[in-house]
Amino acid sequence: MTFIRVFQLKILKLSQYCHFELSWGKGLTISAKLDYPTSLEISYADWRQAYLNCYENLRGKVVKKGKIKAPPQDWQGKLREAEACFLSEFHLWLRNKQLYEIRETIADAARDIPNSDNHWVDVLLTCNTPELARLPWEAWEINTKLSAPGTRTIRLARVPDNIRYATISPVRRKARVLAILGDDKGLDFEEDKQALRGFSNVAEVKFTGWQPGKDIAQLKQEIAEKICDRKGWDILFFAGHSNETSDTGGELSIAPQVSIAIKDIVQPLQQARDRGLQFAIFNSCSGISIAESLIDLGLPQVAVMREPIHNQVAQEFLVQFLNSLAEYKDVHEALLDACAFLKEQKNLTYPSTYLIPSLFRHPQSELFRLEPFGVWHSIKSWLPTKKEGVYLVAFLTLSIIPPVQDFLLEPRLLLQSAYRQFTQGTENVLPPPNQQSPVLLVQIDKKSLAEDKVRLVNERYMDYGYLSRIVDKLVQRNARLIGVDYILDRDKEQPDNSIKLKQSIDKAINKGTWFVWGANEADKEGISPDIANLNQSMAGDINLYDWYVELPKNNCSDTCPFAYLLALSDCLLSQDIYNTNLLQPQLSTTNFRDSVVSSINTKDKQTDFLKELKFPAINNFFQWFQPIIDYSIPPKQAYETISACELLGSCTPTPAIAQKDLKSKILIIAAGGYKQAGVNKKGEDNAYIPLPVAFWRGAKGWNDWFNGEKSFTGGEAHAYTVHHLLNQHLVVPIPNFFMVLVGAVLGKIIRKILQHHPRGVRLGLIGFGTTTVVYVFVSLQVYISLAVLVPIVFPLAVLGNYLRLALGKK
C-alpha cells in the first residue's frame, strides 16, 4: 500500500525578499520571510552560461550539428565548478534559520513514515516569478538529518500559480500513448522511437509528426486531430525543439521553421483531457511555460525540461523514465529514477543534467501510473464485487474469532459422534472398542470425599494425607507411572499430611515408579520441593484450552504439557529404557524431565511420533492447525475411571479394576467433579459437558447439558489427550479462514454459471442441495479416515450467500 503525505509550499518573490508559506492538513500553516540574495542570481547566471557553453545540439534553438562540443577550453570542468558554486549558494540560502521550522515540519513527516519506495512526503511547490521557477528546487536538501535512503522519501513537484480547470478521473483501459515527433533538425529520434516501441509491451503507442514533404497545414490538422482522438490517450509525448513564450503558453517546433503554440491547440488538449489524458512529457528544451499552460487546462501531470537539454541526455532520460514507468511506478518516482541515473551514472559525461527535469502536477490529481493489463485484466471479473467483498470480509473476520470457532466446533463434533456411532467408524482410533484403554483416571469425587470423610484444607485444598493413601494403594498394585492433576504447594498449611505424602512418594520412587506432577508453569506454581524432588520426578503444565491438544514448545525446555509427559513416559517405560541408570528416578541427580526428554533416541515409531510433535508457530496468533481433542470418541474408549474410594475399598461396589495389577496402566489422580476443585478459584476444574460427550453419556449426559451442570473435569480432558498421543490420533482442523476462501472461489464459479442460465433458480437450488449433502458426508468420512476436520458451516454459508446473490434478482 502506498502512503503519501502532502504539503503545499508557496514561495513569493516580493522585491528583495521571499515569502515562504507551508500548509498541510486541516488549515495548518507556517510562514517565513527570507532575503533573496543577489549572489544567488549571479551564481545561477554563471552556472547557466557554463551549462550552455558545455552543450550543443540542444533540443531548443540549434547552434550547429554535433554531439559534445570540443572547445579549446575545459567546459565540463568549468560547468562542474559553476554547479558546485551555484548549489552551495542555493543550499546556504535554504539552510537559513528563518526556514528551520518549515524544514523540520517536512523532515519530521518523513521520519514518521516507513522508509520504503511506497511511502512518500510530497511537497507541492508554487513560485510566483520565472526567476524562482528556474531554480532547481528538486535538489533542496530538506531532510539532512536522515540517511541518504531516507532523504528520498521527500519529493518535490511544481504547481502553477494559476489553475482554471479541474482534472478528470482516469479512464480504465490499457494505456494509450500518442508520440509526437517534431522538427528533427540537428537531432536524432531513433533512440526515442526505439524506447517507445519497447514501451509498447505495456501500452499501445501511436506515432505522428513531421516527415519530409508533408504539407504544413495538413501536419497541424493531423496533430490536432490525433490529440483529440475519440479513443482518448493516457500519455502525450513530444520530442523535438521547444521554447518558452510568455503569451502563447510555449511553442513546439513541429517542422523546420514551423512552430505550433500551446494556445493554438487548447481545444484538442481539453478534449484529450476529457477523454482521459493523464500525463504529458515534453522531452525538449525550456518547458516551464508549456507545463504551466497544460496544468492550467486541467491535465493531471506534466514532465518537462526547465532548461535546454542535450539530445543524447534527453534520450538517456527517456529510456530510464520509461523503464521505471513500465515497472508500474508512478510518474514522479519514474522521474526521480531517471534523474538519479543521470546523477549517479552519467554525471561525468553529462554534468548538471540531473538538475534539469521537473514534474508539474495539478494539486487535486493522483499521480499517474500504468495499471497491469492483459492476463490480469482477464481475471478481474473473478475478483469479488463490492457487495461480495463486504460479505467475504465479514465471513473471513468471523472465521478467525476464537469464540466463533469454538461455538461451531462443538456441534460439529456432536455430528461426528452420531456419524461415528452410525458407521461404527474406528479408523485411526486405538484401542478398538472391545479393548480396554491403558489410561485409568482415579477420580476424587463427591462420593469419595463423603465415604472417606476427607476434609478439604481451608474448605478448598485437597488433603495430602488422602493423596498419600491413594499413592500407597497404587504402588501396591505395581503402578509404574502416576500423574497427579493437582498443584501440591500447600505443604505449610498441612505439615503432617505433607510429611506422609512425601514418605509415600519416596517409597514409590525407590520402587521405580515415575511421577508427573501438575504445575502452572507460566506462573511458576508447582509441587513443593518439601514434598517431591524434581530430580526424581517431573512437573507438567496442566493448563488446557478447552478444545485443543496442548503440544510441547522448544523441546520442553521452559514448559511441557502434563498429558504429553505421561504419554512420553509410558512409551519409554514400555521399552524398558528405565532400567538404565539414566532413567531410574531413585538414582537421578539432575532434572528428571530434562533427562527423559533428552533420552528420546529410539527407532520406536510411537516414541518418534512424540519426539517430532511441536506446537505450530502460527498458533501464537491463530488457533490454526493445532490438533483438537476428539470428543467424538466415546469416553469409555479413551479412558477408564474409578472413584478413589473404590480404589481404596472404602465404598461399594468395588470394580474389578481395583483388584488388578496396574503395571500397564497410566494412572491419573484428578478431581472428580466436587465443587471446590480448581487452581485459582473454586470450581475452576469443572466445565460444562461438551455436546459430543453428552451424546455418549446418554440420558445423564443430556440432562447435565440441558441443566447447565459442570460435570466434565480437567482430568477427563487430560485423559483424552493422553489417549490421542499414545495412539497418534491427532485430528487437525482445516482453518475456517481457508475454507471461506475456497467457498468464495466455488461460489464465484457457480454465480458466473448461473448468471445467464435460463433455468438458473431451479438449477441453483438443486445443485446447492446436492452439494450440501455430498459435502457433509465427505467431511464426516474424511474426519474418520484421515483425521482431518473439514469445516462445514462456513464454506456452505459462503457458497449459499453467493447463490443468493446470483439468484436474488431472479
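Predicted model: local features only at pLDDT ≥ 70, side-chain atom pairs only at ≥ 80, totals over all residues.
Residues are numbered from 1 along each chain as its sequence is written. Local features need pLDDT of at least 70, side-chain atom pairs count only at pLDDT 80 or more, totals for chains, interfaces and linings use all residues, and side-chain values use heavy atoms, without hydrogens and water.

**Stop 1.** Select residues 38–54 (helix H1) and 75–94 (helix H2); their axes lie 8 Å apart at an angle of about 155°. Axes are lines fitted to C-alpha atoms over the stretch in contact, and angles run from 0 to 180 degrees between N-to-C directions. H1 is therefore roughly antiparallel to H2 (over 145 degrees). Now show the side chains in contact (heavy atoms within 4.5 Å): H1 residues including Trp 47 and Tyr 51 meet H2 residues including Phe 86 and Trp 93. The residues of this contact divide into 12 nonpolar, 4 polar and 4 charged.

**Stop 2.** Move to residues 288–296, helix H9: 8 of its 9 residues are buried, so H9 is largely enclosed by the rest of the structure. Buried means under 20% relative accessible area, with a 1.4 Å probe and protein chains only. Among the buried residues are Ile 288, Leu 294 and Asp 296. Then pick Gly 298, which follows H9 and has a positive phi, near 105°.

**Stop 3.** Select residues 464–476 (H16) and 495–510 (H17), whose axes come within 8 Å and cross at roughly 20°. H16 and H17 are therefore roughly parallel (under 35 degrees). Their contact includes Leu 467 and Val 471 of H16 and Leu 501 and Ala 508 of H17.

Notes:
Helix = DSSP H or I, 4+ residues; strand = E, 2+ residues; numbered from the N terminus. Parallel < 35°, antiparallel > 145°, perpendicular 65-115°, else oblique. Nonpolar A, V, L, I, M, F, W, Y, C, P; charged D, E, K, R; others polar. Buried < 20%, exposed > 50% of the residue type's maximum accessible area, 1.4 Å probe, protein only.
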